[in-house]
Amino acid sequence: MAATVSENNACKETKKIPRGRPKSGRIWKSEKQRKSAVIAVKQLHTPWEKRQQIRMECKLMKVYEKELKDETKKQKEEKWKKIKEKRERKAENEKKSEIVQVITNTAKIKRMKKKQLRRIETR
């Protein structure tokens with residue numbers, strides 16, 4: 001009879017009845033737990049080693065965050081630098097490709113209309 005009792009206990013531990021489909025049909029809902037199992041009492045005093053470990057983790061996290069921020073900032077600066085260089089190159093190329101007519105007779109400027117005077121640029 002002693003053998004049957006130990007066999008029954010072993011069967012109970014290894015055989016866990018699978019959870020069936022709830023009657024409501026809400027399969028995503030978990031089984032309810034006792035309140036005592038859910039609420040855990042927090043310790044009043046944490047050990048010194050644990051506090052030191054938490055501090056080190058915080059420091060490492062801050063260093064990592066700073067590295068990420070610096071990296072993104074550096075990438076933005078490089079992007080803006082490229083954009084600025086591109087604009088400057090474009091402006092230079094436009095100036096090079098312009099067709100210019102030199103006015104040798106300065107008396108013509110006095111006879112020009114306002115619209116024509118606005119187009120004139122000094123170089």
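User: How many nonpolar, polar and charged residues are there in the lining of the largest pocket?

Analyst: Please keep in mind that this is a predicted model. Rolling a probe the size of a water molecule over the atoms shows where empty space is left. In this structure the largest pocket has a volume of about 630 Å³, and 17 residues line it, with Val 100, Gln 101, Ile 103, Ile 120 and Glu 121 being the closest to its centre. Sorted by class, the lining has seven nonpolar, five polar and five charged residues.

User: Which elements give two or more residues to the lining of the largest pocket?

Analyst: Those elements are α4, covering 107–111, and α5, covering 114–119.

User: Is Glu 121 buried or exposed, and where is Glu 121 found?

Analyst: Glu 121 is found in the segment after α5, and it counts as exposed because its relative accessibility is 56%, where exposed means over 50%. The C-alpha atoms of Glu 121 and Val 100 are separated by 9.9 Å, although these two residues are 21 residues apart along the chain.

User: Which residues form a nonpolar patch on the surface?

Analyst: The patch is formed by Ile 103, Ile 109, Leu 117 and Ile 120, which together have about 270 Å² of accessible area.

User: What can be said about Glu 31, and where is it found?

Analyst: Glu 31 is found in the loop between α1 (2–14) and α2 (35–38), and with a relative accessible area of 55% Glu 31 is exposed. Glu 31 and Arg 19 are twelve residues apart in sequence, and from C-alpha to C-alpha they are 8.8 Å apart in space.

User: What share of the residues of the protein chain count as buried, and how much area does the protein chain expose?

Analyst: Of the 123 residues of the protein chain, 0% count as buried, a label that requires under 20% relative accessible area. The protein chain exposes about 14,100 Å², and 55% of that area is supplied by carbon and sulfur atoms.

Conventions:
Residues numbered from 1 in each chain as written. Predicted model: local features only at pLDDT ≥ 70, side-chain atom pairs only at ≥ 80, totals over all residues. Heavy atoms only, no water. 1 Å grid on protein atoms, 1.4 Å probe; cavity = no way out; pocket = protein on both sides within 12 Å on 5 of 7 lines; lining within 4 Å. Points joined across faces, edges and corners; volume = space filled by probe spheres on them. Helix = DSSP H or I, 4+ residues; strand = E, 2+ residues; numbered from the N terminus. Nonpolar A, V, L, I, M, F, W, Y, C, P; charged D, E, K, R; others polar. Patch = residues over 30% accessible without salt bridge, like charges linked within 9 Å, V, L, I, M, F, W, Y side chains within 5 Å. Areas by Shrake-Rupley, 256 points an atom, 1.4 Å probe, with all protein chains shown as cover. Salt bridge = Lys/Arg side-chain N within 4 Å of Asp/Glu carboxyl O. Buried < 20%, exposed > 50% of the residue type's maximum accessible area, 1.4 Å probe, protein only.
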